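Work through the following exercises with the sequence and the coordinates open beside you. Each task is followed by a solution that goes step by step.

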Amino acid sequence: MGFENLLYRQMEQGTFEQFEEYCRNLVKADPRYGDVFLYAMALADEVSHSYFKDQVMLIGGFGVLGHMIDVEGPEVVKYWRGSHDLDIACQNHQALAYVLNQFAREEHQSLSLPDKKTVKLVDSSIEEIVGRSSICDADIYYPTDKRNKEKIRVGNKQLQAKDFEGALEVDVYNTTFKIHDEYGLLSMKLGVVTSENLPRPKDIIDIFNLLGVCERRKQSAAEVYSTLSDEERMKLMEIFHYSPQSNNRYVLLAPSPGFINELEDLFKSEKSPSVVNM
């Protein structure tokens with residue numbers, strides 16, 4: 001992978017010592033998953049200097065983390081919930097081939113999701129930083145539907161060309177992360193449910209952090225609410241009612257009670273009392 005190139009770039013910019021200390025502190029703060037963020041940096045840096053820089057973006061937990069970094073800075077990475085893998089979206093087969101050729105040690109087609117490959121990433125420079133062997137799992141989503149060659153199915157959601165065009169760029173130590181926009185990520189997180197008919201605990205954490213990101217960007221509750229489908233609005237209300245985890249230690253950017261109240265009021269204003277009382 002490209003972590004060695006990233007280190008050379010830091011040397012050229014005179015930020016190597018500061019960057020190396022940041023990486024070591026990150027791994028010390030999160031010995032389980034800290035190295036996965038280093039893989040994310042290596043991938044993001046390499047892609048950002050390639051022809052495919054506008055055709056590859058991070059989604060999932062690291063997409064959410066990118067938004068948190070954008071509003072809070074890179075130190076927030078030390079305290080977030082962590083993740084054992086990367087979720088990557090490639091706009092087309094050429095971008096997929098580039099990522100596989102440059103970064104993947106192993107690759108397997110998903111048996112359950114037609115638009116997903118699972119891969120393993122290994123980087124000797126990252127292993128030097130963390131002081132142990134390191135393998136990073138990644139899920140790569142790409143288009144396989146011959147009837148719609150732009151559509152990428154991610155769970156029960158779809159990515160299109162416009163999603164790559166609207167991706168946000170976040171800078172971390174002069175490394176450019178390209179991430180899915182906050183509304184798209186919020187919709188994805190609300191769309192994955194467990195047997196309890198609620199999103200997974202880690203997704204609930206991400207949902208609260210995304211709402212906090214929106215509020216800090218001065219986006220109104222009405223603006224956020226308008227981007228959600230009826231089903232997603234209902235799911236959000238169920239989260240507020242049954243799993244109010246805004247005090248969870250991994251909810252680092254909790255939305256204010258007033259912001260949540262505004263979202264609830266918008267829901268109540270368009271639903272009958274029998275639905276609201278759940």
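**Exercise 1.** In this predicted model, list the buried residues of helix 8 and decide how far the helix is enclosed.

*Solution.* Begin with the cut-off, under which a residue is buried if its relative accessible area is under 20%. Applied along helix 8, this criterion selects Glu 182, Tyr 183, Gly 184, Leu 185, Leu 186, Ser 187, Met 188, Lys 189 and Leu 190. Since helix 8 spans residues 182-191, nine of its ten residues are buried, and the helix is therefore largely enclosed by the rest of the structure.

**Exercise 2.** Describe the packing of helix 11 against helix 12, giving the angle, the handedness of the crossing and the residues in contact.

*Solution.* Next, collect the contact residues, which are Arg 233, Met 234, Leu 236, Met 237 and Phe 240 on helix 11, together with Ile 260, Leu 263, Glu 264, Phe 267 and Glu 270 on helix 12. Sorting this contact by class gives seven nonpolar and three charged residues, with no polar ones.

**Exercise 3.** Carry out the corresponding analysis for helix 4 and helix 9, ending with the classes of the contact residues.

*Solution.* Helix 4 (residues 60-72) packs with helix 9 (residues 201-216) at an angle of about 30°, the axes being 10 Å apart, and the crossing is left-handed. From helix 4, the residues Gly 61, Val 64, His 67, Met 68, Val 71 and Glu 72 meet Asp 206, Asn 209, Leu 210, Val 213 and Arg 216 of helix 9. By class, this contact divides into five nonpolar, three polar and three charged residues.

**Exercise 4.** Is Gly 82 buried or exposed, and with which residues is Gly 82 in contact, once neighbours within four places in sequence are left aside?

*Solution.* First locate Gly 82, which lies in the loop between helix 4 and strand 2 (85-90). Its relative accessible area is 6%, so Gly 82 is buried. With neighbours within four places in sequence left aside, Gly 82 is in contact with Asp 30 and Tyr 33. Finally, the C-alpha atoms of Gly 82 and Pro 31 are separated by 10.0 Å, although these residues are 51 residues apart along the chain.

Conventions. Residues are numbered from 1 along each chain as its sequence is written. This is a predicted model: local features need pLDDT of at least 70, side-chain atom pairs count only at pLDDT 80 or more; totals for chains, interfaces and linings use all residues. Side-chain values use heavy atoms; hydrogens and water are left out. Buried means under 20% relative accessible area, exposed over 50%, partly exposed in between (1.4 Å probe, protein chains only). Helices (H or I, at least four residues) and strands (E, at least two) are DSSP runs, numbered from the N terminus. Axes are lines fitted to C-alpha atoms, for helices over the stretch in contact, and angles run from 0 to 180 degrees between N-to-C directions. A crossing is left-handed if the near helix is turned anticlockwise from the far one by less than a right angle, and right-handed if clockwise. Contact means heavy atoms within 4.5 Å. Ala, Val, Leu, Ile, Met, Phe, Trp, Tyr, Cys and Pro count as nonpolar, Asp, Glu, Lys and Arg as charged, and the others, Gly among them, as polar.
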